[in-house]
Amino acid sequence: MITLTNICHTFSIGKKGQERQVPVLKDVNLQVESGEIVAIVGKSGSGKSTLLNTIAGFLKPDEGKIVLNHKDTTHLSEAEHAKFRLKNVGFIFQNFQLMPGLTAFENIELPLKIQGMGKNARFQTVRKIMERVGLNEVLDHYPNELSGGQQQRVCIARALVTNPSIILADEPTGSLDSETEKEILELIQSLNQSLDLTFVIITHDEEVANSAHKKYRMHDGQLQEAIYSAV
Ligand SMILES: Nc1ncnc2c1ncn2[C@@H]1O[C@H](COP(=O)(O)OP(=O)(O)OP(=O)(O)O)[C@@H](O)[C@H]1O
């Protein structure tokens with residue numbers, strides 16, 4: 001489902017003429033099977049977000065190969081990547097990244113509009129997904145009228161609405177209290193099982209990491225030791 005082979009990425013930091021090269025990903029290899037939840041933990045600055053952005057195609061690796069859903073995405077152009085992402089990859093963010101001027105319904109509907117789906121089909125699809133993630137009561141609420149947990153459900157629904165098979169999540173419970181974190185983790189697990197979704201989750205939270213099928217630690221630019229969890 002996701003195969004990273006010998007991925008390297010180096011940032012160039014500093015003023016022009018005085019740049020420093022900072023290697024952040026050093027020969028990263030990762031294999032994620034279909035329907036797996038993989039958690040990536042590691043210290044702040046260890047390169048977790050850089051890795052997720054590289055999988056997503058927002059950053060190009062300097063070396064290595066990325067295969068998602070049997071497609072080699074390493075050298076896709078930005079436009080090709082955007083098209084591929086819209087169909088295959090959903091994103092969940094720590095700070096939700098919802099459009100403040102759109103209701104919960106409209107936020108979730110947005111990717112379908114971009115895809116060019118007709119109004120009736122959009123209505124049916126959004127209502128179905130809102131019901132699935134427990135948002136029936138709040139479809140006309142704006143983000144600032146929602147709790148953190150509800151905002152994260154909207155973010156999850158928006159990630160799922162285009163029916164992707166891969167979900168990339170950057171600290172999905174990082175802004176939530178522990179009770180709400182538990183609810184969101186349960187939702188992720190139930191979606192993983194019922195829709196056979198593949199998740200890559202970056203987290204600082206051991207509880208989130210331990211709820212995954214596999215856990216990797218990012219250390220000094222490399223992914224280390226898969227510790228299998230009990231799920
Ligand atoms: N666009 C960029 N330009 C230059 N350096 C960057 C850029 N993005 C990240 N870095 C550097 O790459 C390193 C890894 O950053 P990254 O955000 O991937 O870490 P992280 O493990 O996700 O950290 P955190 O847990 O704090 O989010 C850091 O040293 C950071 O300063």
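**Strands, pockets and contacts**

Guide: Strand β8 is covered on both faces: Thr198, Val200 and Ile202 on one side and Phe199 and Ile201 on the other are all buried. This is a predicted model, where local features need pLDDT of at least 70, side-chain atom pairs count only at pLDDT 80 or more, and totals for chains, interfaces and linings use all residues. Residues are numbered from 1 along each chain as its sequence is written, and side-chain values use heavy atoms, with hydrogens and water left out.

Visitor: Why do side chains fall on two sides?

Guide: In a regular strand the side chains alternate between the two faces of the sheet.

Visitor: How do you know which strands pair with β8?

Guide: Two strands pair if DSSP finds at least two bridges between them. Four bridges join β3 (residues 37-41) to β8, and the two run parallel. Ala39 stands opposite Ile201 in β8. Five bridges join β7 to β8, also in parallel. There, Ile166 stands opposite Thr198.

Visitor: What makes β6 and β7 a pair?

Guide: Five bridges join β6 to β7 (residues 166-170), and these strands run parallel. Val89 stands opposite Ile166 in β7. Strand β6 (residues 89-93) is mostly covered, with four of its five residues buried.

Visitor: Why is Lys215 called buried?

Guide: Buried means under 20% relative accessible area, exposed means over 50%, and partly exposed is in between, with a 1.4 Å probe and protein chains only. Lys215 has 8%, so Lys215 counts as buried. Lys215 lies in strand β9 (residues 214-219).

Visitor: Why is Thr180 called buried?

Guide: Thr180 has a relative accessible area of 15%, so the word buried applies. Its place is in helix α6 (residues 178-195). Thr180 and Gln150 are 30 residues apart in sequence and 9.2 Å apart in space, C-alpha to C-alpha.

Visitor: Is Lys119 buried or exposed, and why?

Guide: Lys119 has 64% relative accessibility, so Lys119 counts as exposed. Lys119 lies in helix α4.

Visitor: Which side chains make polar contacts with Lys215?

Guide: A polar contact is a pair of N or O atoms within 3.5 Å; within protein, one must be able to donate a hydrogen and the other to accept it, and residues adjacent in sequence count only if both atoms are side-chain atoms. The side chains of Lys215 and Glu206 are joined at 3.1 Å. The side chain of Asn210 also makes a polar contact with that of Lys215, at 3.1 Å.

Visitor: What surrounds the ligand?

Guide: A residue is near a molecule or strand if one of its heavy atoms lies within 4 Å of it. Residues around the ligand include Phe11, Lys43, Gly47, Thr50 and His204. A polar side-chain atom of Thr50 lies 2.6 Å from a ligand oxygen atom. A polar backbone atom of Gly47 is 3.0 Å from an oxygen atom of the ligand. For a polar side-chain atom of His204, the distance to a ligand oxygen atom is 3.4 Å.

Visitor: What makes a space a pocket or a cavity?

Guide: On a 1 Å grid over the protein atoms alone, a cavity is a set of points where a 1.4 Å probe fits but cannot get out. A pocket is an open set with protein on both sides within 12 Å along at least five of seven lines. Lining residues have an atom within 4 Å of a point. Grid points are joined across faces, edges and corners, and a volume is the space filled by probe spheres set on the points.

Visitor: How much space is in the largest pocket, and what lines it?

Guide: The volume of the largest pocket is about 430 Å³. Its lining has 16 residues, of which Leu86, Val89, Phe91, Pro111 and Arg158 lie nearest its centre.

Visitor: What space lies in the largest cavity?

Guide: The largest cavity holds about 40 Å³ of space. Its lining residues include Thr54, Leu59 and His81.
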